[in-house]
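Q: Could you walk me through one part of this model, the chain with the open sheet, and take me through how its strands are put together?

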Amino acid sequence: MEEAVNATGRKDIKLNMALAALVAALGVLSLTVGPAALSPRAVLAALIDGDGIPGIIVRDIRLPRTLLAGLIGATFGLAGAALQGLLRNPLAEPALFGAPQAAAAGAALVIAFGLAGATSFAVPLAGIAGTLLAIGSLLAIAGRRASLTVTMLAGLALASLAGAAIALILNLAPNPHVALEIAFWLLGSLQDRSYDHLVIAVPFLIASWVMLGMNAGAFRALTLGEDAAASLGVDIERTRRAVVVGVAFGVGAAVAVAGSIGFVGLVAPHLVRRMVGSDPARVMLPAALTGAALLMAADIGVRLVPGPVEIKLGVVTALVGVPFFLAMIFSERRMLEGNPAS
Amino acid sequence: MTMGAPPLLEAHAVTVALGGAPVVQHANLALRAGELVALVGPNGAGKTTLMRALAGLLTATGDIDIGGRELSELTPRERARAIAYLPQGHVFHWPMEVAAVVALGRHPHADAFSGLSQVDREAVSRAMAATATEEFTGRRVTTLSGGERARVALARALATEARVLLADEPTASLDPRHQLVVMDLLRQAARKGGAVLAILHDLTLAARFADRVMVMDRGYIVADGPAGDALSPARIAQVFGVDAVSIDTGEGFVPIARHPL
């Protein structure tokens with residue numbers, strides 16, 4: 001028993017170190033990829049001394065983009081793992097509940113009507129407000145003992161509502177150029193992101209990690225159901241509130257700077273779950289690291305595809321994520337048909 | 001049984017209303033160290049609601065005392081260390097490893113950021129040894145049979161090492177052998193100094209294993225005493241609407257239900 005526990009701890013450390021190394025390697029790769037051909041050595045020199053054009057390219061263009069990809073990917077991975085832990089369902093994902101769409105609607109409203117500049121704190125705050133509304137409504141509608149069907153249907157309705165809100169904002173936008181800009185931004189991208197974007201997003205992302213991470217133990221206890229978890233001392237209502245607010249902070253701030261990016265929260269935990277014994281607490285850190293690696297890899301990918309226009313990051317994550325989702329539905333068919341997610 | 005010692009759990013005039021309707025009315029009961037008490041009654045009598053109120057999962061009016069303190073004054077963690085609750089159905093949502101599931105019983109003792117302490121590990125080992133679940137240690141809990149899952153669920157509840165154990169239908173959907181195994185485990189838990197309250201539907205099982213039987217009917221506790229009194233054919237007829245006879249097994253009388261009245 002004791003040996004088993006120690007072996008488990010060592011296995012987790014190995015897994016997390018390997019994933020961290022992967023993230024670091026992707027970070028270095030991300031700094032070397034771009035229209036300006038710079039050797040890895042030149043990139044390293046530019047990163048350290050920041051001299052000349054290479055210094056500007058690496059430090060001011062590629063580094064913020066790389067950092068944002070990693071931080072946002074980690075946030076989505078963690079948010080997915082937390083929602084799955086709370087709802088005890090591997091198919092829970094912020095994008096299926098309309099979270100990024102709602103965040104985008106909030107942020108688009110602010111931008112379209114010129115209420116604030118694109119790098120003002122008002123944008124992530126509006127994104128967070130939108131997400132709070134979506135996830136809060138979802139959990140309120142679905143209730144404590146909702147089946148997966150009710151949860152998914154409510155999420156579908158909320159996602160559609162957020163989509164309609166975005167369409168209305170585009171429709172009513174006073175300036176057609178702004179409307180076009182928003183439409184493009186909605187596709188999700190990290191192109192041309194600066195330190196200003198980092199500054200407005202990072203405080204909220206870190207707050208989100210803290211709120212979600214602190215509930216790891218509660219997610220683990222919830223594997224026994226809500227009554228048993230409550231009898232073990234878990235405050236279920238506080239956990240639900242922390243997940244709503246934590247996901248809203250993370251997804252709201254991420255979408256505010258990167259546009260709508262989905263499905264990382266579905267894919268990342270799934271890839272590592274078996275390696276941590278399907279433990280909803282142990283899955284959180286590797287899911288965050290995997291999310292970071294996935295989004296960084298996708299962001300490298302969009303820069304490597306040749307063409308006049310860069311493919312948008314949100315388009316790539318949806319193109320990869322949705323078939324992945326379908327495959328998960330296929331493999332979980334029996335569970336989905338038989339078993340309510342109470 | 002130490003009748004002189006104060007009860008581990010005592011309830012006075014406990015009333016619970018769900019959605020405005022009273023489900024448990026004016027319940028008085030005491031659980032003492034060493035006792036296995038069966039709680040029986042027809043469907044809808046309020047057994048689960050009473051048990052959830054005793055576990056602190058529902059707000060109730062009246063007094064519930066745990067080791068001399070009012071239940072509602074305990075923090076959730078203090079309450080969780082004092083009362084272990086085993087809900088119906090032996091639910092496991094994730095295919096976690098058995099050892100990790102049993103270790104969940106230590107949740108009220110662990111602090112959020114450290115792993116299991118030596119004390120925690122020993123408690124988990126004891127619970128797994130008592131339920132003979134060590135052989136499943138590395139197995140995923142979802143791959144186990146119903147009887148095996150019931151033992152793992154019980155090991156999880158025992159691992160808390162709370163003085164009071166509340167078990168809601170621990171023998172439901174188990175084969176006859178596992179029903180006996182689980183009842184025996186509950187009796188052992190009581191004999192080690194705990195107090196066990198178990199909701200049961202099998203009156204024969206209740207009479208054979210429990211030191212005392214409480215009968216609930218339409219929200220009220222209508223009998224509380226030795227099985228021979230609490231489960232007399234007359235009361236079974238009145239409460240369950242079943243014609244029953246009492247048969248001497250050589251180890252005491254047990255009721256056998258014959259046909260609905």
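A: Happy to. Let's begin with burial: 50% of the 261 residues of chain B count as buried, a residue being buried if 20 or more other C-beta atoms, placed from the backbone, lie within 10 Å of its own, exposed if 12 or fewer, and partly exposed in between. Please keep in mind that this is a predicted model, where local features need pLDDT of at least 70 and side-chain atom pairs count only at pLDDT 80 or more, while totals for chains, interfaces and linings use all residues. Residues are numbered from 1 along each chain as its sequence is written, and chains are lettered from A and ligands numbered from 1 in the order in which they are written.

Chain B has nine helices and 12 strands; these are DSSP runs numbered from the N terminus, helices being H or I with at least four residues and strands E with at least two. The radius of gyration of chain B, 18 Å, is close to the 18 Å of the globule rule for 261 residues, so chain B is as compact as a globular protein of that length. That radius is taken over C-alpha atoms, and the rule is 2.2 Å times the number of residues to the power 0.38. Of the contacts in chain B with a separation of 6 or more, 66% are between residues 24 or more positions apart, a contact meaning C-beta atoms, placed from the backbone, within 7 Å.

Now the sheet. Six strands of chain B form an open sheet in the order β6-β7-β8-β3-β9-β10, with mixed pairing; two strands pair if DSSP finds at least two bridges between them. At the edges are β6 (83-86) and β10 (220-225) of chain B, each pairing on one side only. On average, neighbouring strands of this sheet are turned by 15° against each other, direction ignored. Across β3 (36-40), β7 and β8 (195-199) of chain B lies helix α6 (residues 176-191), at about 155° to β8(B). Such angles run from 0 to 180 degrees between N-to-C directions, with axes fitted to C-alpha atoms, for helices over the stretch in contact.

Conventions
Two residues are in contact if their C-beta atoms, placed from the backbone, lie within 7 Å.
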